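Here are a few notes to read alongside the structure. Have it open as you go through the points.

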Amino acid sequence: MALNNIGIVGAGQMGCGIAHVSSLAGYKVQIYDLDPDRVQAALATINGTLSRLVSGGKISEKERNDALSKISGSADVNDLAAMDIVIEAATEDESVKRKIYAHVCPVLKPEALLATNTSSLSITRLASATDRPERFMGIHFMNPVPVMKLVELVRGIATDEPTFRAAKEFVASLDKAVTVSEDFPAFIVNRILLPMINEAIYTLYEGVGSVDAIDTAMRLGANHPMGPLQLADFIGLDTCLSIMQVLYDGLADSKYRPCPLLVKYVEAGWLGRKSGRGFYDYRGDVPVPTR
Ligand code: CAA
């Protein structure tokens, strides 16, 4: 199963990252988003991240231009018709994803694969909302996609072997390492990472330490590249909350209870870096802790 044309649904930070690495690996990429402004913003973002690689001496000007020439973007779903695989990288909300599949599936070639970049939702349940459960699976990239080496692969109950093999070869061709997870809430990385982040938020909520104390503790005391609250802002607090909710609902164990402070920040619209404020305020020159 040759995958040459890669469709990406959702022009957010994950969609941009997947487009970046796929185009550099020589694939033709079509980004689709309902909002044409988001599509244009995504193309500018990818231009920026590729240019950063040129200035860092990681790729040549020609490689950047070749990669950029392989990426198109549009707000017309029909532009996905020629894709060999479409990777949905929309917001972590099951109803949004279901609407997308209803919209996208009728346009796809019958043999095309459909994948989701979900970080927590059931692949089997999402597959049931498509017309091709055998050719549907989870391909979960980590953020920032160009930097992080790992991709989790998750089969649904119906995913067939050729689909899994094609996805594995595609990920290997991006020079990423694969880990395979069974289809359980939040898979492997987020099953472990998000309770750690949630615990950091409880540590803040209970007044054990300030934002700075907690992040410094984990950066210098556990050698994490980012403190857990900085990482939460980086992932997006809305995404963190939805992953905790999936763990809490799916595993019915109180240890996954989302911290009320996380809920409050999300209700305030303080979603982290992308909204300018979360556990840090990003609106000035340097991030300032909000607590
Ligand atoms: N896009 C592309 N490249 C980026 C980037 C981005 N958003 N952010 C940083 N980089 C690159 C930089 O260009 C730099 O490259 P060079 O070494 O070639 O110069 C390199 O990454 C290091 O960046 P910096 O020196 O600016 O900063 P840093 O050393 O602090 O590293 C980091 C930044 C790589 C993000 C690091 O802090 C880190 O690894 N943080 C943890 C990230 C993490 O845990 N991600 C997983 C999140 S969980 C997830 O994704 C699953 C989910 O579903 C929620």
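1. Which residue in β8 stands opposite Val 151? Val 178 does. One thing to keep in mind from the start: this is a predicted model. The strand to look at for this spot is β7, residues 150–155, which is joined to β8 by five bridges. These two strands run parallel.

2. Now zoom out to the whole sheet. Eight strands make up an open sheet with mixed pairing, and the order to trace is β3-β2-β1-β4-β5-β6-β7-β8. At the edges sit β3 (71–74) and β8 (177–181), each of which pairs on one side only. Neighbouring strands here are turned against each other by 25° on average, with direction ignored. If you are new to sheets, recall that strands pair through backbone hydrogen bonds, either parallel or antiparallel.

3. Have a look at Arg 155 too, as β7 covers residues 150–155. Arg 155 lies over the face of Phe 164, at 3.6 Å from the ring centre.

4. Next, the rings. Six aromatic pairs turn up in the count. One of them is Tyr 202 with Tyr 205, an edge-to-face pair with 6.1 Å from centre to centre and 70° between the planes. Why are these two about one helical turn apart? Because they are three residues apart in helix α7, which covers residues 189–205.

5. Is Tyr 280 buried or exposed? Its relative accessibility is 9%, so Tyr 280 counts as buried. There is also an aromatic cluster to find, formed by Tyr 265, Trp 270 and Phe 279.

6. Last, a point on annotation. An unreviewed UniProt entry lists residues 187–282 as "domain: 3-hydroxyacyl-CoA dehydrogenase C-terminal". Over residues 187–282, the model's chain is 61% helix and 2% strand.

Note on methods: Residues are numbered from 1 along each chain as its sequence is written. This is a predicted model: local features need pLDDT of at least 70, side-chain atom pairs count only at pLDDT 80 or more; totals for chains, interfaces and linings use all residues. Side-chain values use heavy atoms; hydrogens and water are left out. Two strands pair if DSSP finds at least two bridges between them. Helices (H or I, at least four residues) and strands (E, at least two) are DSSP runs, numbered from the N terminus. Axes are lines fitted to C-alpha atoms, for helices over the stretch in contact, and angles run from 0 to 180 degrees between N-to-C directions. Rings of Phe, Tyr and Trp (its six-membered ring) pair if their centres lie within 6.5 Å; planes under 30 degrees apart count as stacked, over 60 as edge-to-face and the rest as tilted. Buried means under 20% relative accessible area, exposed over 50%, partly exposed in between (1.4 Å probe, protein chains only). A charge sits over a ring if NZ of Lys or CZ of Arg is within 6 Å of the ring centre and within 35 degrees of the ring normal. UniProt positions are given in the numbering used here, feature names are shortened, and annotations may be inferred rather than shown by experiment.
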